[in-house]
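Visitor: Hi! Could we go through this model together? I have a handful of quick questions.

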Amino acid sequence: MHSPHDPYVRVRGAREHNLKDVQVDIPRDTLTVFTGVSGSGKSSLAFGTLYAEAQRRYFESVAPYARRLIHQVGAPAVGEITGLPPAVSLEQRRSAPGARSSVGTVTTLSNSLRMLFSRAGDYPPGAERLDSDSFSPNTAVGACPECHGLGRIHRTDEELLVPDPSLSIREGAIAAWPGAWQGKNLRDVLDALGYDVDRPWRELDPKDREWILFTDEQPVVTVHPVRDAGRIQRPYQGTYMSARRYVLHTFADTRSRSLRAKAERFLTSAPCPVCGGSRLRPEAMAVTFTGRTIAELAGLPLSVLAEVLAGAGAGGEETARVLTADLLARIGTVTELGLGYLSLDRTAPTLSSGELQRLRLATQLRSGLFGVVYVLDEPSAGLHPADTEALLGVLGRLKEAGNSVFVVEHQMDVVRRADWLVDVGPLAGEHGGRVLHSGPPEGLAQVPESATRRFLFPEDGRDPAPVSEPRTPSGWIRLTGVERHNVRGVDAAFPLGVFTAVTGVSGSGKSTLVGQVLAGVLADRQAGEEATGAGERFCASVTGLEAVDRLVQVDQKPIGRTPRSNLATYTGLFDAVRKLFARTETARERGFGAGRFSFNVSGGRCETCQGEGFVSVELLFLPSTYAPCPDCHGARYNPETLDITLDGLTIAQVLDLTVESAASFFSGTPAAGRALRTLLDVGLGYLRLGQPATELSGGEAQRIKLATELQRTRRGHTLYLLDEPTTGLHPADVEVLMRQLHALVDGGSTVVVVEHDMAVVAGADHVIDLGPEGGDRGGRIVAAGTPAEVARSAGSRTAPYLAKALGS
């Protein structure tokens with residue numbers, strides 16, 4: 001039994017995921033870093049065990065009815081944890097925030113600014129004082145009634161909705177309508193309403209065309225669908241929705257990026273003619289502070305906003321002084337984390353996951369909590385080395401306020417500054433799950449089996465990045481007059497046939513230049529468009545595109561949004577596996593085809609759980625919970641399907657194999673072996689074939705996409721664009737990934753990466769450095785050339801860190 005004043009969090013018997021009965025003691029009131037290779041179990045210990053247990057204990061104190069309203073992660077697999085304070089989690093959220101969410105709403109700075117305008121703004125003579133909600137575009141009293149607080153009006157017309165009027169409605173004249181059953185339903189409803197769906201669109205009465213495309217009516221009629229042979233289709237009540245209504249509804253409400261992008265093709269966008277893009281009602285826009293409206297102040301970079309408020313609060317009224325002082329203090333924590341280039345009206349979907357996490361971190365710093373455990377997920381993600389010092393300062397202040405700070409981290413500069421280090425490994429998956437070291441960082445030098453050791457102590461045999469002779473470009477893509485976001489009037493040249501790293505401080509314009517402009521012009525060319533695509537709208541001219549035959553853009557978006565998506569289905573590996581099962585003697589005798597072994601369609605799957613492997617259990621006074629399916633016990637398939645085995649394993653057991661085990665199991669099957677080899681080559685041998693996409697990190701999703709591309713037959717010159725591919729990767733995993741990317745270049749392709757890892761930049765053939773700062777103070781190319789040349793550049797904030805990586 002430990003003393004109530006025991007200064008340690010003591011974990012006994014942690015078995016979450018791949019943890020092997022872990023026993024570890026971690027001191028409170030410290031900056032503790034959890035590290036190890038990807039998949040080693042560090043997140044399972046920090047988030048899956050420590051944070052999950054702290055959350056579970058808190059929920060036990062909440063009334064049962066209230067618990068129903070809160071998402072719970074469940075009890076972790078652990079024997080005992082003592083000395084654990086309440087916990088706050090700041091994870092890298094990968095779900096897309098809503099379009100109305102912004103920097104101001106995430107940090108609550110918008111609330112303070114609205115209060116300032118409400119209480120201390122300059123009102124027109126005789127105007128009634130407004131409450132703070134009147135200055136919010138997200139409330140009914142504040143939002144412009146014309147654009148509903150969005151600032152832009154989206155419209156459509158017949159030419160956009162019906163690009164080919166020679167087609168009939170049944171043939172797909174209304175291109176904006178959805179496909180599959182939903183589109184057929186709308187056509188059947190029109191047919192039931194008496195419209196001719198088989199006549200060419202241009203021959204229909206103009207009044208009918210107008211109603212079909214633009215009506216706001218939603219009539220309901222009885223639809224008698226055409227009966228397919230052997231299939232009974234009963235009449236049903238169908239509701240009509242016009243093409244315009246469908247497009248606007250999809251664009252505004254869908255969470256699917258692909259559906260939203262499709263809807264956007266049928267819309268034109270322009271600033272709202274009523275509010276001019278301010279998103280607010282006229283009475284709110286009539287109020288000013290320091291001569292500016294709230295929309296004008298919200299559009300300023302936070303660093304500039306702080307200067308404006310500092311000058312206004314110095315000699316004003318007491319109310320203004322108090323409110324501006326509070327705003328300045330809140331802004332100060334955001335700018336300290338290197339985010340001064342952001343404006344309050346910058347929408348959340350345009351922010352990286354690292355930027356979002358740092359905004360939430362700044363908010364927590366102002367919360368005044370003490371005695372809690374902050375559990376952070378790679379707070380240095382997306383940070384240039386120049387910004388890491390500020391991050392460490394903020395983490396130190398959280399600790400000094402009386403909190404414990406537990407950080408999952410791969411950045412060695414952060415690891416070196418830790419008070420306590422927990423190194424998990426030695427490898428990933430079933431080869432990891434052990435705590436190799438728990439103590440001060442310097443103690444790791446005595447742990448030879450640690451993969452982290454040689455990176456933390458480079459003097460122990462690891463030299464700086466080797467300086468190899470840069471490859472010679474085979475050509476150039478040249479963009480002139482780039483105009484997009486903060487990249488203004490820039491001329492950029494990307495060499496072909498080499499490895500290029502684009503770097504610079506956060507917000508300097510890297511992702512804009514590469515992910516939007518360069519990717520845009522290449523995508524336009526692939527689509528066969530001539531100077532009308534999104535990419536070419538952002539630059540005056542482009543040359544050199546004819547040398548590129550194919551563009552592959554590998555980002556960190558999830559490979560799927562439901563547990564039904566997994567590594568095996570995404571890579572196409574599962575198709576080969578199902579065919580192998582269908583060829584077994586027993587399957588042929590029973591007439592089972594490959595479809596029988598899919599858990600997404602009826603036939604072979606367990607119908608109790610619909611192939612999910614688990615069922616939702618409804619409790620009367622408690623929240624719904626998930627439990628293994630009582631029939632298939634998580635196997636996803638019915639007993640008849642599980643009777644079929646391939647070399648002694650059922651289809652469910654194959655899905656439970658790790659990539660490493662599966663590579664051995666399918667060594668004699670070329671179709672499966674090729675996919676598994678590429679997954680091993682990018683360092684994903686620890687993942688299970690059936691691991692749900694929702695459990696994968698952004699870095700893992702990106703490497704799965706890369707592996708999927710690597711297994712394809714390459715034709716012509718391919719240009720690979722990657723956005724921070726080392727995010728979430730341990731330095732040992734970075735080495736594995738870089739070998740693959742450099743192999744692509746050796747094979748004749750071009751690789752362009754947006755990157756902050758100086759080891760990666762030092763190993764590039766060509767470097768483009770943007771800056772010198774972020775936001776309006778960035779967006780320029782401050783240096784370009786070989787790594788050695790950029791390292792000598794006087795105006796580059798990257799130069800000293802790159803020089804260190806080069807050993808110069």
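Visitor: Where does Leu 365 sit?

Guide: Leu 365 belongs to helix α14, which covers residues 353-365. Keep in mind that this is a predicted model.

Visitor: Is Leu 365 buried or exposed?

Guide: Leu 365 is buried, because its relative accessible area is 17% and the cut-off for buried is under 20%.

Visitor: And what does Leu 365 touch, leaving out residues up to four places away in sequence?

Guide: Thr 333, Val 394, Arg 397 and Leu 398. Take Thr 333 from that list: Leu 365 and Thr 333 are 32 residues apart in sequence, with 7.4 Å from C-alpha to C-alpha.

Visitor: Let's switch to helix packing. How do α4 and α13 pack?

Guide: Helix α4 (residues 109-120) and helix α13 (residues 318-336) have axes 10 Å apart, at an angle of about 165°. The two are therefore roughly antiparallel, as angles over 145 degrees count that way.

Visitor: What's the handedness of the α4 and α13 crossing?

Guide: The crossing of α4 past α13 is left-handed.

Visitor: Which residues meet there?

Guide: From α4 you have Leu 109, Ser 112, Leu 113, Met 115, Leu 116, Arg 119 and Ala 120. From α13 they are met by Thr 319, Ala 320, Leu 323, Thr 324, Asp 326, Leu 327, Arg 330, Ile 331 and Val 334. Sorted by class, the contact of α4 with α13 holds ten nonpolar, three polar and three charged residues.

Visitor: What about α27 and α28, what angle do their axes cross at?

Guide: Roughly 30°, and the axes of α27 (residues 698-710) and α28 come within 12 Å. That makes α27 and α28 roughly parallel to each other, because angles under 35 degrees fall in that class. The crossing of α27 past α28 is left-handed.

Visitor: Who makes that contact between α27 and α28?

Guide: On the α27 side, Arg 703, Leu 706 and Leu 710. On the α28 side, Asp 733, Leu 737, Gln 740, Leu 741 and Leu 744. By class, the contact of α27 with α28 has five nonpolar, one polar and two charged residues.

Visitor: A loop residue, then. Is His 730 buried or exposed?

Guide: Buried, at 0% relative accessibility.

Visitor: What is His 730 in contact with, neighbours within four places in sequence aside?

Guide: The list for His 730 is Thr 35, Gly 36, Val 37, Ser 38, His 410, Ala 451, Thr 452 and Phe 455.

Visitor: Now α21. How many of its residues are buried?

Guide: Eight of the ten residues in α21 (residues 573-582) are buried, so this helix is mostly covered. The buried ones are Leu 573, Phe 574, Ala 576, Val 577, Arg 578, Leu 580, Phe 581 and Ala 582.

Visitor: What do the buried residues of α21 pack against?

Guide: They pack against α20 (567-571), α22 (585-590), α24 (651-655) and α26 (670-681).

Visitor: Last topic, salt bridges. How many are found in the whole structure?

Guide: A search finds 29 salt bridges. One of them pairs the side chains of Arg 797 and Glu 773, at 2.9 Å from N to O. Arg 797 is in the loop between α30 (787-791) and α31 (799-806), while Glu 773 is in the loop between β23 (766-771) and β24 (780-785), so the pair ties together parts 24 residues apart in sequence. Arg 797 counts as partly exposed at 32% relative accessibility, and Glu 773 counts as partly exposed at 32% too.

Definitions and conventions. Residues numbered from 1 in each chain as written. Predicted model: local features only at pLDDT ≥ 70, side-chain atom pairs only at ≥ 80, totals over all residues. Heavy atoms only, no water. Salt bridge = Lys/Arg side-chain N within 4 Å of Asp/Glu carboxyl O. Helix = DSSP H or I, 4+ residues; strand = E, 2+ residues; numbered from the N terminus. Buried < 20%, exposed > 50% of the residue type's maximum accessible area, 1.4 Å probe, protein only. Contact = heavy atoms within 4.5 Å. Axes fitted to C-alpha atoms, helices over the stretch in contact; angles between N-to-C directions. Parallel < 35°, antiparallel > 145°, perpendicular 65-115°, else oblique. Left-handed = near helix turned anticlockwise from the far one by under 90°. Nonpolar A, V, L, I, M, F, W, Y, C, P; charged D, E, K, R; others polar.
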